[in-house]
Structure formats: structure tokens, C-alpha cells
Amino acid sequence: MKSPKRALAGGVALLLAGAPAYAAWDLNLRVGVTPLSRDIYGLHMLILWVCVAIAVAVFAVMIYSVATFRHSKGAAPAAFDHSTAAEVIWTIIPVLILVFMAIPAARTLVAIEDSSGSELTVKVTGYQWKWQYEYVEHGVSFFSTLDRRHDVARQLASGVDPRTIDNYLLEVDNPLVVPQGVKIRVLITAADVIHAWWVPDFGMKKDAIPGFINELWFTADKAGTYRGQCAELCGRDHGFMPVVVEVVPRAEFDAWLAARKTTE
Amino acid sequence: MSATTDTLAHAGHAHRHDDHHHGPEKGIRRWLTTTNHKDIGTMYLVFSLIMFLIGGSMALVVRAELFVPGMQLVDPGFFNTMTTVHALIMVFGAVMPATVGLGNWMIPLQIGAPDMALPRMNNFSFWLLVAAFSLLILSLFMPGGGPASGWTLYPPLVLQTGDALPLAIFAIHLAGASSIMGAINIIVTIMNMRAPGMTLLAMPMFVWTWLITAYLLIAVMPVFAGAVTMLLTDHFFGSTFFSAAGGGDPVLYQHIFWFFGHPEVYIMILPAFGIVSEIIPTFARKKLFGYDSMVYATASIAFLSFIVWAHHMFTVGMPLAGEMFFMLATMLIAVPTGVKVFNWTATMWKGSISFEPPMLFALAFLFLFTIGGFSGLMVAIVPVDFQYHDTYFIVAHFHYVLVPGAVFAIMGAVYYWLPKWTGHMYDMKLARLHFWLSAIFVNVLFFPQHFLGLAGMPRRIPDYSTQFADWNMVSSIGGFGFGLSQLLFVYLIWRCVRGGAPASAVVWDGARSHGLEWTVPSPAPYHTFDEPPTVHGGEMHS
């Protein structure tokens, strides 16, 4: 009895010591920077609160029953064993709640699947274990791999403290650069095994499947650097092929693209 | 039906004159050659406990590596092997054999049958399982390492496995054959060997849920066997079922796999539903609320499980109509599942509840499985699933339904029937301690994984960005706490088998009139119901 308690206390102490170093007790989904990611976040919060409300009601009844109808308090068991009315009610109410949730979900889904009217197409190819980005209309293409410093630090017993490295494992040599406020269509495929391209702040992930081309779209309306990871197990170094996207103002993007073209 | 029971009654009658009511053989031959449902049930349960400890140790390797960011202990390839084999062992080696073991022990006792209908096949299906898991564990030592593609074995990745691939696939074939035989045995037993007077709608809920589970097994295990056989021919014989280069499609595998995989989820949870439906009425001292609707809800869940498979793969790029269909069909499952939860709650309402260890586990199941149900509803919604998919949110979701869901129900069942099996009461204080440690640590272990997933941590990664460090440390502490607490469970069972206060036939104060198993002495004699008992309509289900 004593030793698990002590272990728990030790663990808690360790946590408190570690907390200031990391200080990232993130709890929730990110709102993101695209109209779709905001819709998805709204939908997530809606379903979450519906679930919380149902949970409060159901758990309250359970807790009340457990607290009240106790053998030790001399409670006498009732004889009823069914009630058609109650059963009809708790079949119909959930159906109504589901319909209430399905309507906004369907609306968002239709928007997600509509990739028409995009202004820029980027083809993403997954490799074990890196990404290739290709600006289809501009003939620019390059590979994007885990940053060298991070790659050294992540080796087994490297002796490098991950906390000394900014954005540990979420940094690449050549990030994808896209213009701000422009609808971008991403074509996704893979060269060897299945990968998945995912940037949480854009609200979307899609599998990269060898021999097939998937698509997704996003319009990032805030400049900045957005980080994600491969989200489909793709072998030994699956955890080490991050996605980094830099969203920059239109003019800056054009200048970057022109410079890139001359170096190709 | 009546002809069969007549024959049975006659056989039982003749047997009494035989005069040699033989007991078990002595030594190892008893276990190798036994056809007795109780022996085979015991072997299944012990096997499952051993697998639970092996699979659990693998999970602890995973949690140890994830304790802090950076790679400290294992190679990333071995890490993938650990997640993969942990899952295969827990699904096919721990949870499924535990429910088969409980079925073997309890179905004949609950329907008043002398044994399973096909006793030799019963023995064979157990020993096949031992062969299957010997192969799977041996595959860890093959050149190229063990299977490391995730338990879903998606091609093309799985085809990069070394010599472990044929071993793992043959292990799956054997485990599948074992499951199919077990399922056939259960269906034949339930359909033909019920005591006179026990109509289908008078069967205990555990028997009902197992009957439905057995049909699911027969329907989907061959599908899985087909899928892995295609992997084998793609790898060794040049076929291209799952390779676009040869006109195949890697996503085809995922469709086939999940057509098996989703019913598989219910194969693990339906017997747990049955167990909880046995325990709650006993300790609430009240009949199960809405028995008929419980049966229909179970059947509806089983039916729906066949038409929702693609919700495991929303990100593969499906047509809009496909996404809509699988989203709506999946959401529908919440309705019969809700009925079950409400009915269990209504069973406790105005009951007279006491809190022995089986009831504690059933109550924890009720709360924590419901949490897993809520996250299940969330991941059904396609637009948000694009964010949740393949993150720790999914890991949290399915561990909530499998650990405090299926595993807690199995532990509850062991605490419920252990005195009937051994004839001894176990140490109640120790069992309560085991419960509280398990219930607390399981939440410390899995609840923070919701946060990790929402914050953006993908699953199946051996190292992570420092922003995920805090909750990973909490989760690992919970993991070791939960894992170590299970040693108490093993110790408690071992002590109860060796001795303890004698258990009465009824065992539990509230078990009176709650099933035929409580009418035989404790421990249940080696042979029971040589002569079928007579059941008066509708009285025997709890």
C-alpha cells in the first residue's frame, strides 16, 4: 500500500520539476489558420460540449443510483424490469441529437471536398523518410528532410538534450513555401509506402498512396510557419519526417519562387 | 430441439448407471488430452493471462521510451515491432482467448449442458492457439526483426518485413482457425444443448452476447485470413493484389482488413457487455432492465458493425458519398449502445447495491466505456476525424473501450466466477486494492492521451517534439502503475486457487435465482448437468 503511494508522489514531484522546462500542457485542438480549420474546430467544440452535456446527465444518474440505492443503507430492490415508454424515449432522443450533429458535419464535409478554384497546385510525394514538393505550374521541385541538427540529436543515446533544440523534430532543411490568402490545391502521392501529409493548423490530413493521387486544399490567411508530421506509419523513421510550411505574403512568395526558378 | 433434449436426458440417465464418474487424468496428460469444458476454459484463461503480461510488457517498453523526449532505450524499428506485436498479442492472444475461456467455462453451466457440443475440437482449438502464439513470438527473433508495420499490416509497408512475415501470417491463420472452431462449438452448443424450458429469450445475457459474437467470428475471420493470404502471395509469388504497379490497389487491403477489423472490435466488446449484464443485476439485487431490448440492441450493434468499416480509413481519399454514408452509419451505432448503457443504469435504479469486487469492475466499465463511446462518436464525424485520425486521440479512444471496457469486464468476470471455479473465496481486500489501483492508473495512463492527440501528436512515433513531453510523462507513469498493479491480480488468483475460505454454491448474496451456474456446488464438479435441469420459462436470465 505504501510503495505505490510513494511512487506516485515521486512521479508528481518529477512532473512539477519538469513542468517549467516544457510548459506545454496543451489540452485542445488548435483553431488553425484556414477557414476550414476554424469550421472543423467549431464542429469539434460543438460535439465535445454535446458529449459533455450527455455525460453529465448520464453520470449524474449513475452516481445518484450508486450513492442512494445501497444495500448497506437497507435499500429494498424494486421489482420492475422494463418500461417500454422509457426505452422508446432513450432511443428517440439520441437519434434527434445525432441528426442535430450530422447536419453541420455534412455541411463542413461538402466544403472540404470542394477543391475547385485553386490558384496554385503543389504536388507532394512521400518517400521513406522525406517529402518532395513540386510546384506543378512552375517547374520547381525540391526535397524536404529533417534538419541535420535534429537528426543528430534524435539518434539513440545521442547525449543531446532535446530541450536545447527549438521545435525538436519539427524542423526541415527546405520548408514548403506558399502565398498567404490563396487557395492552394495539394496533390498527394507516395513513391514507396503509404504516408500521410498533415498540418494541424490547416485542419487537414490526407494519405499519400503509391500509384494514386489524393488531393486536399487550404487557404492560409495568416502568415507564419506551420508544423506537422507524417501521420501514417511508414517504417523505421516514420517519426522523423516532419512537414513544415511557411505561409508568406504574395509578393514575398513571388520573389521566392523566381529566385528558386533561377537556381533550378 | 425437443428431440435433442430428450436424447440428452436419456444419455444422462444411462450415464448414471455406468457407475464410474471418472475425474480428470493425472499429470500433464490431463491438460494435453482433456475434452472437459472446464479444463479447456481454465487453459484458455491461464493462456490469456500469460499473454496479457507479455503484451503488457511490450506496452511498457513503448511507454518507457516515450517517458521523456529523445531516444534513450530502443531503436525506432524495434519500437515499431513493440507497438505491432503488443497489439496483435492483446487482441488475439489476451482479450479474445479470455472471452473464449469464460465462454467455455460458463456457457455449459449457464444453459445446463454437460459440456460443449464438440469437445475434441474444443481441445484442438485451444492447442492451435498455443502454436499460433509460439510462432508469433518466434517471429521477433527472425532476421530483419519482428513485424513492425502496425497490427493492421498495411501493404506496401508490411511487405518490407523480413523473415518474420510468413511466421506472423501463419500465426494469424492458426489463431483464426482456432477462433472459427471455437465459434462453431459455441453456436452448436447453444443451439442444441440448452436445458429443457430454456427458450432463446430465456438465455442469460452472457450466452446471448456470445452467440452473436460467434456468428461475427465465423463471418469475418475468413475475410482476414484471405487478406493476409493475399499479402503472402504478393510477397512470395509475384501477385499484385495491393500494388498499383501491377494494377492492384493498396487501399483494397484496408477495405478488406477493416471489413474484418470493425466486427472484430465488437467480437472483443460484446462478451464484455454480456458479463456486465450478469454482474450488475446480481449486485443490484434486481432483474436486468429491458432484457429483450438488450438482446435486440446487441444484434443491431452486430449488424451495424458490418457496414461501418471505412470509418477507420477516412483519410485514404474516398468519394464524398462514401464519407457521408460511413459517417452516418457509424453515428447510428450510438443508438443501440446508448440503450445498453441506459438499461444498465436503469437496472441499478431503485436496486439494493453492494460493492463487491466484480461490481466495482462493472461500475468502472460503465463509466469508462461510456467515455470511450463519446470519443467514438467524435471520431465518427468525418471533418473532425481528419484532425483526430492517426493521432493519440485515437489511441486514447480505443484503449478506453478495450482496457477499462473489455479488460475490466473480463477481470470483473474472473472476480465474479472465481469462487465457483475454485471453491474458495479470494482476498476481498486485496481485490479491492487491485481494483482501485487499476481504475486510477488506467485513467492516468489513457486520459492524457486525448490531450496529446488533440495537440497534434501522431500515433506510432518513438520520439516527439518537446511540446508533448508533459502529458507523455504522466501517461507513462500511469502505464507503469497500471502494469505493476496487475501483478496483484496474478498473486490473488494464485492464492485463491491454492486455498481460502470455502465458497457456498450461491457465492453471492444477490446471485440467488440469477442463473443455473449458482445451482451447482462450488467448486463446480468435474462433470455437471449429466441430467439436464428443467427451466421454467423466463426465470433463468438475470
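Chain A and chain B meet in a contact that takes 98 residues from chain A and 105 residues from chain B, where contact means heavy atoms within 4.5 Å. This is a predicted model, in which local features need pLDDT of at least 70 and side-chain atom pairs count only at pLDDT 80 or more, while totals for chains, interfaces and linings use all residues. Residues are numbered from 1 along each chain as its sequence is written, chains are lettered from A and ligands numbered from 1 in the order in which they are written, and side-chain values use heavy atoms, with hydrogens and water left out.

Let's stay with the interface for a moment. Between them, the two chains bury about 8600 Å², 71% of it on carbon and sulfur atoms. Buried area here is the accessible area (1.4 Å probe) that two parts lose on being put together, summed over both. The rule finds two salt bridges across this interface; a salt bridge is a side-chain nitrogen of Lys or Arg within 4 Å of a carboxyl oxygen of Asp or Glu. You can look for one between the side chains of A:Arg236 and B:Asp75, at 2.6 Å from N to O.

Which parts of chain A face its partner? Helix H1 (2-22), helix H2 (35-68), helix H3 (84-112) and strand S7 (204-208) of chain A each supply at least two residues of the side that touches chain B. Helices (H or I, at least four residues) and strands (E, at least two) are DSSP runs, numbered from the N terminus. H2(A) gives the most to that side, with 16 residues. By class, the side of chain A that touches chain B has 62 nonpolar, 21 polar and 15 charged residues. Ala, Val, Leu, Ile, Met, Phe, Trp, Tyr, Cys and Pro count as nonpolar, Asp, Glu, Lys and Arg as charged, and the others, Gly among them, as polar.

Now turn to the sheets of chain A. Strands of a sheet pair through backbone hydrogen bonds, either parallel or antiparallel. An open sheet of five strands has the order S3-S2-S1-S5-S8 in chain A, with mixed pairing; two strands pair if DSSP finds at least two bridges between them. S3 and strand S8 (214-218) of chain A stand at the edges with a single partner strand each, so one side of each is left without a neighbour in the sheet. From one strand to the next, the twist averages 20°.

Strand S1 (residues 120-127) and strand S2 (residues 130-135) of chain A run antiparallel, joined by six bridges, and they form a hairpin with two residues between them. Here A:Lys123 stands opposite A:Glu134 in S2(A). S2(A) also pairs with strand S3 (residues 140-144) of chain A in the antiparallel sense, over five bridges. In the hairpin of S2(A) and S3(A), four residues lie between the strands, and A:Gly139 takes a positive phi near 65°.

A second open sheet in chain A has three strands, in the order S4-S10-S9, and its pairing is mixed. Strand S4 (176-179) and strand S9 (224-229) of chain A are the edge strands. S9(A) pairs with strand S10 (residues 242-248) of chain A in the antiparallel sense over six bridges, and A:Gly228 stands opposite A:Val243 in S10(A). Helix H5 (residues 250-263) of chain A packs on this sheet, touching S4 and S10 of chain A, with a direction that makes about 135° with that of S4(A). Axes are lines fitted to C-alpha atoms, for helices over the stretch in contact, and angles run from 0 to 180 degrees between N-to-C directions.
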